[in-house]
Amino acid sequence: MINNDKPTQSSQTMAVAASALKAQQARMRVIAENIANSDSTGRTPGADPYRRQTPVFTSAPVDGATGVKLANVVQDMSAFQQEYDPTHPAADATGYVKKPNVDPLIETMDMREAQRSYEANLNVIETARAMTQKTLDILEK
C-alpha cells in the first residue's frame, strides 16, 4: 500500500525547483526596476535619487524539503554617484546632481545570472517530470 501523505522524491524535487523559479522571477523584477530607474534623479535640489534595491532570499520548507523564497528587498546603501550639471533642477548649491547608485552593467550581469538560474530550475522540473513518466511507462509493461 502506498502512503499518499508523504511527498514523493519527484514531487519534492519539483516543489524545490518551483520555489527557486518564483525566487528568480522576483529577483528579475527587482533588477528590472533598478534598470528602469538607473537615470532617475531627485526632483528638488540636493534630493536623493533612486536607490538600488537588492533581493534577500531565505530557505523555506516546501513539501518536506527545503526550498527558497524572497524574504525581503533592501536598499543598497552604497554612495550615490555625482555629476556636475548646474542647469539640472536637482543640482545642489555647488552644481552637483546626485545620480542613482545603479550600475547598468552589474544589473545586466545579475539579470543574466537570474535568467540562467531560472532556466536551470525549469530543466530540473522537466527532467523530474520525464523521469516520473518513464517510471510510469515501465510499470505499465
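Leaving aside neighbours within four places in sequence, Ser-59 is in contact (heavy atoms within 4.5 Å) with Thr-66, Gly-67 and Val-68. The structure is a predicted model, in which local features need pLDDT of at least 70 and side-chain atom pairs count only at pLDDT 80 or more, whereas totals for chains, interfaces and linings use all residues. Residues are numbered from 1 along each chain as its sequence is written, and side-chain values use heavy atoms, with hydrogens and water left out.

Ser-59 lies in strand S1; strands (E, at least two residues) and helices (H or I, at least four) are DSSP runs numbered from the N terminus. Asp-63 is not a glycine, yet has a positive phi of about 50°. Its relative accessibility is 42%, so Asp-63 counts as partly exposed; on this scale buried means under 20% relative accessible area, exposed over 50%, and partly exposed in between, with a 1.4 Å probe and protein chains only.

Strand S3 (residues 81-84) contains Tyr-84. This residue counts as exposed because its relative accessibility is 52%. Apart from neighbours within four places in sequence, Tyr-84 is in contact with Thr-94, Gly-95 and Tyr-96. The C-alpha atoms of Tyr-84 and Gly-95 are 5.7 Å apart, and the two residues are 11 residues apart in sequence.

Helix H2 has 37 residues and should span 54 Å at 1.5 Å a residue, which agrees with the 54 Å between its end C-alpha atoms; the expected span is 1.5 Å times one less than the number of residues. The N-terminal end of H2 is capped by Asp-103, with a side-chain oxygen 3.0 Å from the backbone nitrogen of Leu-105. This is a polar contact, defined as a pair of N or O atoms within 3.5 Å; within protein, one must be able to donate a hydrogen and the other to accept it, and residues adjacent in sequence count only if both atoms are side-chain atoms.

The buried residues of H2 are Glu-107, Met-111, Ala-114, Asn-121, Ile-125 and Ala-128, and they pack against helix H1 (9-36). Ala-128 counts as buried because its relative accessibility is 9%. Not counting residues up to four places away in sequence, Ala-128 touches Ser-10, Thr-13 and Met-14. Gln-9 is 119 residues from Ala-128 in sequence, with 9.2 Å between their C-alpha atoms. Asp-137, also in helix H2, counts as partly exposed because its relative accessibility is 31%.

The largest pocket has a volume of about 210 Å³. Grid points are joined across faces, edges and corners, and the volume is the space filled by probe spheres set on the points. The lining consists of Ser-10, Thr-13, Val-124, Thr-127, Ala-128, Met-131, Thr-132, Thr-135, Leu-136 and Leu-139. H1 and H2 are the elements that give two or more residues to this lining, and H2 gives the most, with 8 residues. The lining divides into 5 nonpolar, 5 polar and no charged residues, where Ala, Val, Leu, Ile, Met, Phe, Trp, Tyr, Cys and Pro count as nonpolar, Asp, Glu, Lys and Arg as charged, and the others, Gly among them, as polar.

Conventions. 1 Å grid on protein atoms, 1.4 Å probe; cavity = no way out; pocket = protein on both sides within 12 Å on 5 of 7 lines; lining within 4 Å.
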